[in-house]
Amino acid sequence: MRIKTHKGVKGIIIANYAGISVKSSMSQADTHKYASLISSLTLTARSTVKDLDSQNDLVFLRIRSKKHEIMVAPDHEYMLIVIQNPDEE
Amino acid sequence: MVEPYSYKKKRREFERPPVFEDSELKPLGGTLSTPALQKQYVEKNPTHIILDNIPPLSTHDVNTERVVTATRNMKHIEGGWPREIDYSEEHDTTKWRTRQLKDPLLAAAVKELATLTDRAIKQNNQIDMFEEYFLGEQVDHSTETLSTKTLMLFKDPNDTKRSVSKIAWNPEGPGNKIAVAYSILRFQQMPEKLSTQSYIWDMAAPNTAFKTIQGSTPLVTIAFNNKYTDFLVGGGYNGTIGVWDVREKTNTPSWQTAIEKSHHDPVYDIYWLHGKSGNEFVSISTDGRLMWWDFRKDKDPTDSAYLTDGIQNSETKQESILGGTCLEYNPEAGATKYLAGTEQGVVVLANKKPQKAVEISHRYGIEGGKHHGPIYSIQRNPEEAKCFLTVGDWSAKIWSEEINTPIMTTKYHDTYLTDGCWSPTRPGVFFLTQMDGWLQIWDYHYRQNEIAFSHKVGDSMLTVVTVQNQPNAGKFGSLVAVGDSEGTVTLIELCESLYEPQSNEKISIKQTFEREFTREKNLKQAKRQQEGKKPKKEETSFEKAREKQNEALRKLEEEFFAKVGIEIGEEKSPEKSPERREAEQDFTPVPQKQKPPEMVEKKQSFKEIEPQEVPQQEEAQLEEEKEMPENESEHGEIEKEEEQGEEVEKEGEMEGEQEQEQEQEQEKEQEQEQEQAQDPVVQNAEGGGGVDGVVPPEI
């Protein structure tokens, strides 16, 4: 996919809210880990935003860690997870 | 059939709720007393009966068992597969996946999300949003307001409160242990059963001491060994010194000095030496001695030296001894140099070279600038080892090793200062403790005429202050331990600006000290030069004054003899003249200074007549002498003395026999003039005629 071709992108995962990955560019084991953990986190984040303001909704979630940045774009059913190394410039 | 409908309701809920109100008291009924039965009853008077319609209540405390909670995480390994698919079957999962991929919803969603994510990724690539901007810069704290915070207190657990006399930080590793020595130093105020224990406290447990050190006497000072931090040396109130091993379970010392060989007074300070063995230490006490010990060897001191003050007492031909109150040993400044502060306010520098006797090389403050009382603390500046700080009376002074007077002095504080120390990280900051419970912080980098910050620690007198030199949570020198006279040690944390070294601080403080040192040096030189101009005059006049004093005695003797009648023949006159001359030189203080100008004139005029007139003058003088005692002897003597006094004043400036002769003549002239003053009838020519016409004085 075009996203893969961007600089520093390590991998992408498309998962649903149950935590099952539909499509992935990384190994099985990694995919499982990321999909399950991040989907639950996204659910919590979304509910937090909705609790704070019921009209609000989660648009994008970015987790920046020492080694890389995990970006999650949630949708109604699915979510797109991208892992990038932002310091590789 | 219609089923009967039934419902239940409590009777209490029917109708209106009852409303009770107070009514008047009225007797509702009663029974009369039967006298027959009365006999069976005992009268009880009075009786109180209270009736009430309250249900009996009681309280109960119940404590359920504590529920133990723990936090646990769940590792979610496998996602939530729909129920019909068995996720262990790979075939099923892949089938499900492919089915999902075909979902049009997915395609649309992915498209949208992709654009979003795309943007974010591009952003990331463009700028590093979380860049550290101020990584390399040094923080400039000079404009910050200073603050200090009390962290914790360590209280003396004994009943009789002893004052803290020394605090020592454990030099090892994460510095969180302090050894504290307790004693009562007030004169003769030690109660008999005073506890002789000192404690080591751990910062993690401020309520109970980590270890107790038991000695035979209260400890006045305590220090950790730098090399083997398990060894502690403690100096006691009775002058003995003991070494403790912290690892041992018993609290008694593993090595102790014999009381005969120890100091005669409390040991005020001890320092471990930084030699190879690490077993040696030096101690100081108010008995005036510095003693060196090695605790692996026998219990005798390896060396000892007296702190003398360098002034030879003229009677005993010995120097007096100064009592030592504090010590400083810093191998950076010199491994053989020991700085001692004394009770008299003077600082003494002792040099101990191996294989040689100890010699006192310098004394600071003897000429001027010494403290008005004992010096309570002395410490070298950690950056500039040549300069040291002394704390005593009401001020703190900074000295340089090369000059005997202090180079800088703080203003007088409002109460006595009891202790002080430098900050180990900032060379311009030092701490002082006062008798009224305040801790004063001076910052010479920022301002030199005012105290930078004051912190009130408590109401009781503060006795000790030390700053931690080891890292505490990564910060050096941020903890200050202050002890007071009630036995409480307070740990104070400083704000960053007080312990983080400022940029250029080291250089600027060094420059400050250099500048002050040069100023003192120049002042001293200027003083010396001034004194250098007048040394001869003052010396000769001093010597002459002494001679004159001795001569005055002789002269009085002569007069006495003359009065009594022991006549001195005219033959002896030439002999007498030198005596007379000497007598004339007697320095009897006479305020008269009236005649000098006239005398000078006469001196000149007399020069020609000298040789002839001398004997005649002498004769005349002799006659006068003889006559004088007969007549108004006192008056004559006074005259003589006056004359001699006048001459003497002049004699101070002149030398040589000729001058003496002239003086004689002048004396004679003085006599004559005085006679003239008294007897206006007798007129002697001012020239040389007066010699012949000597008329006996008034009768």
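Trainee: Which residue in strand 13 of chain B does Met291(B) stand opposite?

Mentor: Met291(B) faces Ser304(B) there. Keep in mind that this is a predicted model, where local features need pLDDT of at least 70 and side-chain atom pairs pLDDT 80 or more, while totals for chains, interfaces and linings use all residues. Residues are numbered from 1 along each chain as its sequence is written, chains are lettered from A and ligands numbered from 1 in the order written, and side-chain values use heavy atoms, without hydrogens and water.

Trainee: What makes strand 12 and strand 13 of chain B a pair?

Mentor: Two strands pair if DSSP finds at least two bridges between them. Strand 12 (residues 289–294) and strand 13 of chain B have four bridges, in the antiparallel sense. Four meets the rule, so they pair. A strand is a DSSP run of E, at least two residues; a helix is a run of H or I, at least four; both are numbered from the N terminus.

Trainee: What is the strand order in the open sheet of chain B?

Mentor: The order is 10-11-12-13, with antiparallel pairing.

Trainee: Why are strand 10 and strand 13 of chain B said to stand at the edges?

Mentor: Strand 10 (267–272) and strand 13 (303–306) of chain B each have a single partner strand, so one side of each has no neighbour in the sheet. The twist averages 15 degrees from one strand to the next. Angles run from 0 to 180 degrees between N-to-C directions, with axes fitted to C-alpha atoms, for helices over the stretch in contact.

Trainee: Where is Arg296(B)?

Mentor: Arg296(B) sits in the loop between strand 12 and strand 13 of chain B. Beyond four places in sequence, Arg296(B) touches Phe231(B) and Asn279(B). Contact means heavy atoms within 4.5 Å. Trp255(B) is 41 residues from Arg296(B) in sequence, yet their C-alpha atoms are 8.7 Å apart.

Trainee: Now chain A. How do you know that strand 1 and strand 5 of chain A pair?

Mentor: Count the bridges. Strand 1 (residues 9–16) and strand 5 (residues 78–84) of chain A have seven, in the antiparallel sense. One bridge joins Ile13(A) to Ile81(A). Helix 1 of chain A packs on this sheet, touching strands 1, 2, 3, 4 (69–74) and 5 of chain A. Its direction makes about 60 degrees with that of strand 4 of chain A.

Trainee: Why is the contact of Arg46(A) and Asp57(A) called a salt bridge?

Mentor: The rule asks for a side-chain nitrogen of Lys or Arg within 4 Å of a carboxyl oxygen of Asp or Glu. Here N to O is 3.3 Å, so the pair of Arg46(A) and Asp57(A) qualifies. Arg46(A) is in helix 1 (residues 28–52) of chain A, and Asp57(A) is in the loop between helix 1 and strand 3 (61–64), 11 residues apart. Val49(A) also lies in helix 1 of chain A. Among its contacts beyond four places in sequence is Asp57(A).

Trainee: How many salt bridges cross the interface of chain B and chain A?

Mentor: Zero by the rule.

Trainee: How much area do chain B and chain A bury between them?

Mentor: About 2900 Å², with 60% on carbon and sulfur atoms. Buried area is the accessible area (1.4 Å probe) that two parts lose on being put together, summed over both. In contact terms, 31 residues of chain B meet 33 residues of chain A.

Trainee: Which helix of chain B lies across strands of chain A?

Mentor: Helix 2 of chain B lies across strand 1, strand 2 and strand 5 of chain A. Helix 2 of chain B runs at about 80 degrees to strand 2 of chain A.
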